Amino acid sequence: MSETLYDVLIIGGGPAGLTAGLYTSRAKLKSLLVERMILGGQVMTTTKVENYPGFPGGIDGPDLMVRFQEHCQEFGLETMTGEVTGLVDKGDEKIVTVDGKEFRTRAVIITTGAEPSKLDVPGEVEFTGRGVSYCATCDGAFFRNVPVAIIGGGDTAAEEALFLCRFASKVYMVHRRDELRATKVLQDRIFANDKIEMVWNSTVEEVVGDNTGVTSLILRNKVDDSQRTLEAVGMFVAVGVTPKAHFLAEILDLNPGGYILTDSDCRTSMPGVFAAGDVRKKILKQIATAVGDGAIAAIVAEKYLDDME
Ligand code: NAP
């Protein structure tokens, strides 16, 4: 068990976590931010962020996140890499287990975010890393001058389809309905791009491949129930996200989708534990709303600590 008693321990280092850390360290609360992988969260795999205010013309996701980190460093936020596996409520103190080691803290802010959902179709797991990917920004460049498919019709699918056009000879956008969920400005760019071909009302039934990787996809048309083979050697899955809160299922109230339930001030069902960003049930998941959540959670945590004294 660590001897240090932190005021606030933040779990997750995306926009919500870094904002919470900025506010708590600036408020001179003894703060520790624990991140499993690299600081920056999902934005690190975003090419261009166009809707975060203050950056006309957009800013690359990693560049934006480096600014967040530098801003936190300015106020001395302590960060560490590790995986949180447990959270125990001891009343005025919480015990957080990171890689088997226990840390003491008076308040916790959970900002673990979400990860890409899977399709759960035959061949998907087998060919992950050999043609199946959940991140076009990470893997798109491996697919030069070959046809690929992007699955999904939301903002992520649209942005990734446009990004893949830099490399692929053709991008099939496979969507289960006949209209996109993505924001209008992205839809306009999709429909204006000659490299992108929409495959409407269709879902993937199977990923087919051999020892070279993916060779094609078997699709099912949901309107006429017909089957089709799509010649694509890459499948990028962008069908939404799953919150990373499973390790808290026994401890906090979650909704059926696995999102942490909070009040409008980011308080969870456990006093002294707050949740912010994409892991929290809310209407809009954007960097701007994650930042807003992180700030609220930090200020409400500070008030909780003040009231304890
Ligand atoms: P999303 O908005 O939930 O869209 C998921 C898409 O995948 C939908 O088109 C959905 O179809 C489809 N889908 C879901 N399950 C499927 C399945 N099993 N098989 C086939 N298709 C399936 O997810 P997202 O695009 O990852 O975005 C997540 C959140 O981040 C959203 O709030 C989004 O606005 C935000 N985001 C914002 C930006 C930005 O502002 N620049 C960029 C990326 C993400 P239906 O439409 O039929 O439901």
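Select Ile109. Beyond its neighbours within four places in sequence, Ile109 is in contact (heavy atoms within 4.5 Å) with Val8, Leu9, Ile10, Ile11, Ala20, Thr24, Phe274, Ala297, Ala298 and Ala301.

This is a predicted model: local features need pLDDT of at least 70, side-chain atom pairs count only at pLDDT 80 or more, and totals for chains, interfaces and linings use all residues. Residues are numbered from 1 along each chain as its sequence is written, and side-chain values use heavy atoms, without hydrogens and water.

With Ile109, they touch the most other members of the largest nonpolar core, a set of 31 residues. Such a core joins buried Ala, Val, Leu, Ile, Met, Phe, Trp, Tyr and Cys through side-chain atoms within 4.5 Å; buried means under 20% relative accessible area with a 1.4 Å probe, protein chains only. Colour S1 (5-11), H1 (15-26), H2 (61-74), S8 (101-110) and H6 (287-308): each gives two or more residues to this core. H6 gives the most, nine. Helices (H or I, at least four residues) and strands (E, at least two) are DSSP runs, numbered from the N terminus.

Next, pick Val148, Phe163, Phe167 and Ala182. They belong to a second, separate core of 22 residues.

Finally, show H4 with H5. On the H4 side, the contact is made by Asp155, Ala158, Glu159, Ala161 and Leu162. H5 brings Leu186, Arg189 and Ile190.

Technical notes
Buried means under 20% relative accessible area, exposed over 50%, partly exposed in between (1.4 Å probe, protein chains only).
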